[in-house]
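Student: Before we look at any particular feature, could you show me how to read a structure like this one, step by step?

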Amino acid sequence: MLSQSYSARPAAARGFGACLAAFLQSQALPFADVLSEEQIEEAFAEENVSFARDPGDIYTPSMTLWAFLSQVVHSGALRSCAAAVARVRVRCTVQGRQPPSPDTGDYCRARAKLPLRVLQRLSETVGEGLESRVPADWLWLGHPVKIADGTTLLAPDTAANREEWPQARTQKPGLGFPILRMVVVLSLATAAVCGLAIGPYKGKETGETALLRSLLDRFQPGDLFLGDRYFSSYFLLAMLRARGVDVVVRQHQRRKTDFRCGQQLGKDDHLVVWQRSPRPKWMDEATYATIPPTLAIREMKVHVTIPGFRPDEIIVATTLTDAGRYPQEAVTGLFRQRWHAELDLRNIKITLHLDDLRGRTPEMVRREILVSWLAYNLLRKVTAQAAVAHETVPRELSFAAALDAVVTAWDHATVADEARRLDLARVQHRFIVGFPVGDRPNRIEPRAVKRRPKSHKLLNQPRKEARARLLQGHST
């Protein structure tokens, strides 16, 4: 007999509500309306997703999405499809339903039917919802700040993946991996991913700036864009300003700055006019005609005196030209927070294991990335809820602690009723705030590890050839 905290078919365990329940969703918590079961159902309905509609079918869209999310939040052997099916079997047993076969075939085929557009839409909805509901004291001088940064991912070495994302030219065929480039737009307040784009690592229009241009609709008027010098492009700044978005970036190393020129706003702080450069090859003439011929840009120098930091000084460029409203110290201090993007990418790739892509086709790789994006944003919602409940800010709370809290409660939260799930969420929030992120603004660490790697030889020939040599009695 089931305990009193469960029902034979609890409301949260039916439909897509179980996907949200697993992330400690409760209507009594802040940000509860960021993503609702009705919104998920609507997204699937608009894409005419109709598989597994018979009463006895197990791998419905809701069950499949729940199992897929469970894969990306777990680690190690628990990320496998077999482990996901095992969790489905347990959930069905608790609900009083006949569990499916341990075979993973049905589940894998169901995963492949989840539409990419739906997964992206749900991920964007969570990111936008969090960003639009942040308390005023989480903003920077009244501005929502969004950071952009890029990284690379390695996909499994299959012919289909190599066709989509070629491996590095320096690698011999069969020895390398397909390389993807990924650019994300992150919220400084909540660390949620507001936009994501992927493309090949090499080729025309595959750089970080090109991918970011495909994400410009993720910015809203009044936003503030924060980026490194790779995004210090005249045309990118002009496109953002046309959308009502201000910019704080590091000056590109090719642009020279002379603080003796321009309108002086303070020491190492002046206002200059940038001139539009000739039309680049990637831009059509119609778009080029909309780019203003000049931009008023404020430049300021930051002297770096911290031992161990590589640059002695950096130039920060911004469209925030009002020195009274935006003091130099505030703007340069904001730029230093750009480093949060590096930490967020580390959480996405390492803590959430996105560096361990397993899809054998580009479509499945994209599904992995999008479901990981959705899970990441739902975890950031949990962190934001804990921050509100305990009067702190999300940036001071550990993402790893939020992940641990959700994973340890995953099965119970999925089938618990509303009252018990609210109690569980509050307990987990207290756990999360017990692991604050250390305040280490000037941390210096060597880029080295103490633990020695295993002494395996490197595979310097395709695995098929190496296996054939072993069968012939040769060593590798």
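Tutor: Let us start with burial: a residue is called buried under 20% relative accessible area, exposed over 50%, and partly exposed in between, with a 1.4 Å probe and protein chains only. Helices (H or I, at least four residues) and strands (E, at least two) are DSSP runs, numbered from the N terminus. This is a predicted model, in which local features need pLDDT of at least 70 and side-chain atom pairs count only at pLDDT 80 or more, whereas totals for chains, interfaces and linings use all residues. Residues are numbered from 1 along each chain as its sequence is written, and side-chain values use heavy atoms, with hydrogens and water left out.

Student: With those cut-offs, how many residues of helix α3 are buried?

Tutor: Helix α3 is mostly covered, since 13 of its 13 residues are buried.

Student: What does F44 touch, leaving aside its neighbours within four places in sequence?

Tutor: Contact means heavy atoms within 4.5 Å. By that rule F44, which lies in helix α2 (residues 37–46), is in contact with F16, V49, P61, L65, L114, P115, V118 and L122. F44 is buried, with a relative accessible area of 4%, and its C-alpha atom is separated by 8.3 Å from that of P61, 17 residues apart along the chain. A second case is S372 in helix α13, which is buried with a relative accessible area of 5% and touches V72, L352 and L354, not counting residues up to four places away in sequence.

Student: How many bridges join strand β4 to strand β5?

Tutor: Two strands pair if DSSP finds at least two bridges between them. Strands β4 and β5 (residues 246–250) pair in the parallel sense over four bridges, and V248 in β5 is the bridge partner of L226. From β4 the chain crosses through helix α9 (residues 234–242) to β5 in a right-handed β-α-β crossover, where right-handed means that, with the strands pointing away from the viewer, the path from the first strand over the helix to the second runs clockwise. Three bridges join β4 to β1 (residues 145–154), which run parallel. Both faces of β4 (residues 224–227) are covered, with L224 and L226 buried on one side and F225 and G227 buried on the other.

Student: Which elements cover the buried residues of helix α12?

Tutor: The covering elements include β1, β2 (179–187), β3 (193–200), α13 (362–389) and α14 (399–408). The buried residues of α12 (residues 340–351) are H340, A341, D344, L345, N347, I348, K349 and T351.
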